Amino acid sequence: MINLEKQSIHCYCMGKYVCILLLLFFFTNAGAQCEYKNTAFKSGEVLTYNLYFNWQFIWITVGTATMEVEDATYKGKKVYKGSLITRGNKRADKYFVMRDTLLCYTTHELVPMYFRKGALEGKRYTVDQVWYTYNDGLPTLRQHYRNKDGEVRKKTYKSDECVYDMMNMFLRARSFNPKGWKEGHVINYIMADGDNTTKAQLKYRGKKTIKGDDKKKYDCLALSYYELDNGKWREIVRFYVTDDDRHVPIRLDMYLNFGSAKAFITSMKGTK
């Protein structure tokens, strides 16, 4: 019998990486020019996923994720509003509650304006927020992080490069063109949350046909996401996005310290 109580830390980290890894692909340094043409999505898009965890060679369903994009107004300007919600299922809730809600605003030119992540994971509730302003095209970030004890840390970060949070990166990155990439091609970039800015890396791994939980097969591009761990790059996830202009994430394979997890698409609506 599977002991889901032992999975609490597994579910916490999987929820964290799902939020990140649904969002990270096709990002590259754009220098001081942070505007980009949207070729991938439109208002009204909804993507849904099943989340799985592997325990002693058995895959169990632990929850779902839903991502949406819609038109909105932010500080009097017409923008896109992006959201991502992850939810543990009733079976998993008996042992560990996972409720993550992410929100962002980005201009129609895909320039980040705001980001928020509220994460209820177990008995821990944390909030990340990032506000963006620009001077001569260069970003200044105002970062707020509220920890599980309600304490708030505030930072200001200025950069001579474009900087992105999870959600704004997802919206921007989907419009990049990988034509001409060769297997092994590496991309370095900067990502921000409410408390830090970090360096990360993507590696292109070629093409593969992937079957989603919607029973459909997709021609996909395969990529790996790496983090710097004790001076060495460690693969955190390998993921697959459609080989077309939309670049919809279809499947994610997550390599955690204590097991593995997967996410498979179940439906897509309102895609461009």
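Trainee: In this predicted model, what makes β11 and β12 a pair of strands?

Mentor: Ten bridges join strand β11 (residues 217-229) to strand β12 (residues 232-242). Pairing needs at least two bridges, so β11 and β12 count as paired. The two strands run antiparallel.

Trainee: Which residue of β12 is the bridge partner of Ala 222?

Mentor: Tyr 240.

Trainee: What lies between β11 and β12 in the hairpin?

Mentor: Two residues. Asn 230 sits in that turn and has a positive phi of about 55 degrees.

Trainee: Why is Leu 221 called buried?

Mentor: Its relative accessibility is 2%. Buried means under 20%, so Leu 221 qualifies. Leu 221 belongs to strand β11.

Trainee: How far apart are Leu 221 and Val 241 in sequence and in space?

Mentor: They are 20 residues apart in sequence. C-alpha to C-alpha, Leu 221 and Val 241 are 5.4 Å apart.

Trainee: Now Asp 253. Where is Asp 253, and why does Asp 253 count as buried?

Mentor: Asp 253 is in strand β13 (residues 249-256). Its relative accessibility is 5%. The cut-off is under 20%, therefore Asp 253 is buried.

Trainee: What makes the pair Asp 253 and Lys 262 a polar contact?

Mentor: Their side chains come to 3.2 Å. The limit is within 3.5 Å, for N or O atoms with one able to donate a hydrogen and the other to accept it. The pair therefore counts as a polar contact.

Trainee: Which residues does Asp 253 contact, leaving aside neighbours within four places in sequence?

Mentor: Ile 236, Val 237, Arg 238, Tyr 240, Ala 261 and Lys 262. Tyr 240 is also the bridge partner of Ala 222.

Notes: Residues are numbered from 1 along each chain as its sequence is written. This is a predicted model: local features need pLDDT of at least 70, side-chain atom pairs count only at pLDDT 80 or more; totals for chains, interfaces and linings use all residues. Side-chain values use heavy atoms; hydrogens and water are left out. Helices (H or I, at least four residues) and strands (E, at least two) are DSSP runs, numbered from the N terminus. Buried means under 20% relative accessible area, exposed over 50%, partly exposed in between (1.4 Å probe, protein chains only). Contact means heavy atoms within 4.5 Å.
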